[in-house]
Amino acid sequence: MDPLADEAPSTPIEYEPISVKDVLIEMKDTAELLIDLAYSAVLHRNEDLAREVLRLESRMDLLEMRGRMSLMMAARNPDDAEQLAPVLGIVAAADQISDAAGDIAKVVLEDIGLPEAMRAALPEAVETLVREVVADESGYAGRTLQDINMESETGVRVIALRRGDEWILNPGPQTTVEAADVAFMRGPDAGIEEVCEAMTGSPHEPPVAATPDLADLERAVDAIVHMKNLSELAVDLAYSSVLFDSDGLAEEVQNLEVEVDALESRFEAWALRAAADASDPVRLRGLIHLSKATEIISDAAVDITEGVFREIDVHPVVQMAVEESDEIITRLEVEPGSQLDGQSIVDGMPDTESTMSIIAIRRPEDGWLLVGDADASLQAGDVLIAKGTRTSASAFEDLARA
């Protein structure tokens, strides 16, 4: 049975005069949230989160159709068609990501089978992500996020709100939280417990981690978690490569996709070995589904960059989206003798006056290091992926030069 069979039936989609830029921005935000919710649903065995993924997947289908309609209306001549063709590829890739996220959610909803060892991956995989409904009597109801000041006081941030059928992605300081809102929040366990109790009036019960009893199974689960992290990074870099017409970022997306493929190959070997020793090998079936869906996501990230590699000029509609972006992602290499060579990183920030946050490092001999996984020190030759403002990005590039 369809887990959302009780939802309202689909309604006909009519053309609306919405800009391609707005559709692209919403599709990007929706795709990133879909990946986040889908994997969290699996790691937490949370059916409520999984159902939200299917709701968002339906929303993405609507956005994809509107995006195609808007692109058809925007193409006025052959030059427009040439420049908009890669944008059509971006729309299609976002839908691929959406479908893959839906498949991940169905691992939970259809009880396809997952080993308890998946829960042991929770501490290393992500911060805690929770879905809670705002109670009528909650002290948060009717107040803005700025007034609540949740992130400063607890470290917990609201990454999305669902109000009926309306989604509020990336809510800002002036966004008001209403009673009956479905809130999606991310943060440290201690802060999550405090916020959830204040929001719902009930104590938060975190999932209990299990210890893998098979070495090969533990390696297989670790591979899945690493594939997830690399695929998320690939999607982030892919959109940025298009928005900023960056060959360097597009190249890193391909590097990530190659590493995900290699991880998938190793995962298959470990999963097969684990199945030989497992008391119930059918419970490993969900891991195979996760691996396949994760690989689809990394492939879709490469598809997003196709226009960059084919050297097709970025369409003005994409350029407009760039100009409205306050935060950018940059790629640079640490040169020997530069101020970043040997610099320590704590919580993603280098020990400098720079306000750029490093989200990943590619080290020639070690591959990718996701900074969120551990503290590190920079070395000459490291390729850094960092996020921040345009001004700070320029200063950060100067620090990387000898």
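Reader: Is Val177 buried or exposed, and what is its relative accessible area?

Author: This is a predicted model, and Val177 is found in strand β5, residues 176-177. Buried means under 20% relative accessible area. Val177 falls under that cut-off and is therefore buried, with a relative accessible area of 2%.

Reader: Which residues is Val177 in contact with, leaving aside its neighbours within four places in sequence?

Author: The C-alpha atoms of Val177 and Thr144 are separated by 6.0 Å, although the two residues are 33 apart along the chain. Contact means heavy atoms within 4.5 Å. With neighbours within four places in sequence left aside, the residues in contact with Val177 are Val134, Tyr140, Ala141, Gly142, Arg143, Leu145, Ile148 and Arg163.

Reader: Which residue takes a positive phi in the hairpin of β3 and β4?

Author: Strand β3 (residues 157-163) and strand β4 (residues 166-169) run antiparallel and are joined by four bridges. Within this pairing, Ala160 stands opposite Leu169 in β4. The hairpin has two residues between the strands, and the one with a positive phi, near 70 degrees, is Gly164.

Reader: Which element of the protein chain has the lowest mean pLDDT?

Author: The protein chain has a mean pLDDT of 80, and 82% of its residues reach 70 or more. Over residues 122-126 the pLDDT is below 50, and this stretch has ten contacts in the model beyond near neighbours in sequence. Where pLDDT is low, the predicted coordinates should not be read in detail. Strand β5 has the highest mean among the elements, 96, while the lowest, 45, belongs to helix α5.

Definitions and conventions. Residues numbered from 1 in each chain as written. Predicted model: local features only at pLDDT ≥ 70, side-chain atom pairs only at ≥ 80, totals over all residues. Heavy atoms only, no water. Buried < 20%, exposed > 50% of the residue type's maximum accessible area, 1.4 Å probe, protein only. Pairing = 2+ DSSP bridges. pLDDT = per-residue confidence, 0-100.
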